[in-house]
Amino acid sequence: MATTTIADAPRVGAAEPERPPASRRRHRVPITPYLYIAPFFIVFGLFGLFPLVYTAVISLFEWNPIGDKTFIGLENYAFLVADPRFWNAAGNTLSIWVLSTVPQLAFALVLAAVLNQALLKFKTGFRMAVLVPNITSVLAVGIVFTQLFGRDYGMINTVIEAFGGSRIDWVREGFASQVAISTMIMWRWTGYNALIYLAAMQSIPRSLYESAEIDGAGRIRQFFAVTIPQVRPTIIFTVIVSTIGGLQVFAEPLIFGGQGGVTGGQSRQFQTLALFLYEQGFRNLDFGYGSAIAWALFLIIVVLTVVNLTLSSRIASDETRPNGLGRVRLRGRMTRKEGAK
């Protein structure tokens, strides 16, 4: 038992240490956390925010880097809205984005489910192999796919002819060229997204699969009733990232088109917004108009990202309502999700 001595007892009349006023204690702000996050905001301000604002300023000028700079207000944007080349590039960009993103994410989900199987041998080797296309040089990928989709000696046309079809001019035909470019993008990014899905699948509790198996669900039913709902946040993330990247596609159509890559072919049949921006800003040296195109592309990306987030949040909220929509049906029997009452 602890004892208190006379020396330990507080002395009567002794002065207490002076404490700062309550108002000063209330408004004291720790500086250390802000110092930890300061490098990110400094780098973002220099290489992210400043170029964005400066581009907006340039878009208000008729700006030639080796000539005069004249303030013209919103004339670049007015010309942009009336420019058919811009709308053609926007349509091509959206078409290539849909053709590449939807199959890419679907294949990535299936590939991740295969790599997640417990009985699969050489897992590490397969997981490293699916990432090889992503770390391969874009130039090398473009050269290989240009040869594959060649009109006269390409392997794709050879296979088509073997089945009785006719040769396709993949570079000159509009939809065919977009399919070829989308295939190139899919080949590069499917494995990357598959590894992201695989990481999410490995965090799913095995008890969910065991419960589904007891209820009689097969592999396919488990995939749609257990795996996809559990990795939905990851799917939303990849959709948003793929949207941002797909709308800025530049290297693949540039390499695929060869000498006419900047204009997207003779008829601009696969020119994207990024290529149109490069053509006007760096080939024609019209920095003002190129900056207006850059801001238009930025606004399109923001709008589509917000739409994706809104739809994804609405779908997720509908599936978690306590009105029976959050149940999983397995072979005619209704089984509530884990944690539901």
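This is a predicted model: local features need pLDDT of at least 70, side-chain atom pairs count only at pLDDT 80 or more; totals for chains, interfaces and linings use all residues.
**Arg 85 and Asp 83**

I looked up Arg 85 and found its side chain in a salt bridge with Asp 83, at 3.0 Å from N to O. I take a salt bridge as a side-chain nitrogen of Lys or Arg within 4 Å of a carboxyl oxygen of Asp or Glu. Residues are numbered from 1 along each chain as its sequence is written, and side-chain values use heavy atoms, with hydrogens and water left out.

Next I checked burial for this pair. Buried means under 20% relative accessible area, exposed means over 50%, and partly exposed lies in between (1.4 Å probe, protein chains only). Asp 83 has 4% relative accessibility, so I log Asp 83 as buried. Arg 85 is partly exposed, with a relative accessible area of 26%.

**Other salt bridges**

How many salt bridges does a search of the whole structure find? I get 7. Side chains of opposite charge can pair when their charged atoms come close.

I then went to Asp 169 and Arg 151, whose side chains meet in a salt bridge at 3.9 Å, N to O. This pair links distant parts of the chain, 18 residues apart. Asp 169 sits in the loop between helix 8 (155-162) and helix 9 (174-201). Arg 151 sits in the loop between helix 7 (138-148) and helix 8. Helices here are DSSP runs of H or I with at least four residues, strands are E runs of at least two, and both are numbered from the N terminus. Asp 169 counts as buried because its relative accessibility is 15%. Arg 151, with a relative accessible area of 43%, is partly exposed.

I also noted Arg 167 with Glu 161, a salt bridge whose closest N and O atoms are 2.9 Å apart. Both ends are partly exposed: Arg 167 at 34% relative accessibility, Glu 161 at 36%. Salt bridges that share partners join Arg 151, Asp 152, Asp 169 and Arg 172 into one network.

**Aromatic pairs**

I count rings of Phe, Tyr and Trp (its six-membered ring) as paired if their centres lie within 6.5 Å; planes under 30 degrees apart are stacked, over 60 edge-to-face, and the rest tilted. The count comes to 19 aromatic pairs. I opened Phe 145 and Phe 149: the ring centres are 6.3 Å apart and the planes lie at 20 degrees, so this pair is stacked. Both Phe 145 and Phe 149 are buried. I also found one aromatic cluster, formed by Phe 50, Tyr 54, Phe 61, Trp 63 and Phe 71.

**Nonpolar patch**

Phe 50 and Tyr 54 turned up again in a nonpolar surface patch of about 1,200 Å². Other residues in this patch include Tyr 34, Phe 40, Leu 49 and Val 57. Patch residues have over 30% relative accessible area and no salt bridge; like charges are joined within 9 Å, nonpolar side chains (Val, Leu, Ile, Met, Phe, Trp, Tyr) within 5 Å. Areas come from the Shrake-Rupley method with a 1.4 Å probe; for residues, only the protein chains shown count as cover. I placed Leu 49 in helix 2 (residues 32-58). Leu 49 is partly exposed, at 42% relative accessibility.

**Two loop residues**

I found Ile 72 in the loop between strand 2 (69-71) and helix 3 (75-82). Ile 72 is buried, with 18% relative accessibility. Ile 72 lies 5.2 Å from Phe 61, C-alpha to C-alpha, though the two are 11 residues apart in sequence. A contact means heavy atoms within 4.5 Å. Leaving out residues up to four places away in sequence, Ile 72 touches Leu 60, Phe 61 and Glu 62.

Asn 116 falls in the loop between helix 4 (84-115) and helix 5 (123-129). Asn 116 counts as buried at 19% relative accessibility. With residues up to four places away in sequence again set aside, Asn 116 touches Leu 198, Met 201 and Gln 202.

**Helix 11 and totals**

I logged Gln 222, Phe 223, Ala 225, Val 226, Thr 227 and Pro 229 as the buried residues of helix 11.

The secondary structure comes to 15 helices and 4 strands. Buried residues make up 34% of the 341 residues. The protein exposes about 21,500 Å², with 66% of it supplied by carbon and sulfur atoms.
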